[in-house]
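Work through the exercises below with the sequence and the model at hand. Each task is followed by a stepwise solution.

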Amino acid sequence: MSQLPDIVRDIERVSPEVVAKAATFQAAILADVAGRRGTMSARVAPVHHSMAVAGPAFTVEVRPGDNLMIHAAIALAQPGDVLVIDGKGDQTAALMGTLMLSACKKRGLAGVIVDGAIRDKLELLELDFPVFSAGFNPAGPTKFVPGRINHPISAGGASVNPGDLVVGDADGVVVIEREKAPAMLALADKKVADEAARLDAISRGDTASKWLPAALRAAGVLKEGEEL
């Protein structure tokens with residue numbers, strides 16, 4: 001079996017139609033219909049709560065504190081891609097700042113997700129470009145340690161394969177396998193409709209959760225025949 005090169009240039013991406021539809025849903029909706037799988041740790045959060053992103057993952061693996069491969073990824077990624085960077089959660093040095101993220105925006109990328117630190121927070125708030133990170137640090141990175149591009153990675157505790165659907169908003173980031181993404185969108189439509197109906201019922205005074213008594217009995221909190 002031949003070994004993949006460190007840099008994989010050609011990947012199969014989730015379709016633009018799926019991305020456009022996915023962008024209409026909250027990350028929480030997609031996480032629910034995906035079985036509560038694929039969500040990144042809460043440490044990976046948007047620079048500003050209004051930032052949102054959806055697109056195919058363009059994955060990058062780096063050594064902590066080194067951004068050599070991120071520079072290469074910016075040069076190779078296509079418009080609409082989301083750079084998803086496995087920085088090992090390291091926050092001792094920033095992997096990206098205004099210069100690199102401005103280049104990402106200029107190249108038409110959909111956004112950047114970094115499981116690591118970044119810097120230049122105030123400038124990034126003005127850049128109008130979706131950026132998620134595990135934190136901030138003013139220290140700059142090194143640029144000489146090899147890594148990999150478009151290999152399977154783990155970011156924020158979630159498995160990410162090149163081309164997977166990535167959606168992020170104020171609640172965080174969810175990753176859905178490329179092959180499963182279209183089916184998840186149909187489930188998301190139903191989830192949104194169900195929640196709208198429930199909100200309407202609540203607004204009319206129906207605040208009771210009808211499933212709750214049975215769940216409490218199953219958990220042994222209520223005895224059979226006992227009510228709240």
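**Exercise 1: an annotated residue**

The UniProt annotation "binding site", from an unreviewed entry, covers Asp120; such annotations may be inferred rather than shown by experiment. The model is predicted, with local features needing pLDDT of at least 70, side-chain atom pairs pLDDT 80 or more, and totals for chains, interfaces and linings using all residues. Numbering runs from 1 along each chain as its sequence is written, and side-chain values use heavy atoms, without hydrogens and water.

Task: Where is aspartate 120 placed, and is aspartate 120 buried, exposed or partly exposed?

Solution.
1. Aspartate 120 sits in the loop between strand 4 and helix 5; helices (H or I, at least four residues) and strands (E, at least two) are DSSP runs, numbered from the N terminus.
2. Its relative accessibility is 31%, so aspartate 120 counts as partly exposed. Buried means under 20% relative accessible area, exposed over 50%, and partly exposed in between (1.4 Å probe, protein chains only).
3. Leaving aside neighbours within four places in sequence, aspartate 120 is in contact (heavy atoms within 4.5 Å) with Gly97 and Thr98.

**Exercise 2: the sides of helix 4**

Task: Which residues of helix 4 (residues 98-106) are buried, and which are exposed on the other side?

Solution.
1. Thr98, Met100, Leu101 and Cys104 are buried.
2. These lie on the same side of helix 4 because they cover an arc of only 165° around the axis, taken from the directions from the helix axis to the C-beta atoms.
3. Leu99 and Lys106 are exposed on the other side.
4. The buried residues pack against elements including helix 3 (68-76) and strand 3 (82-86).
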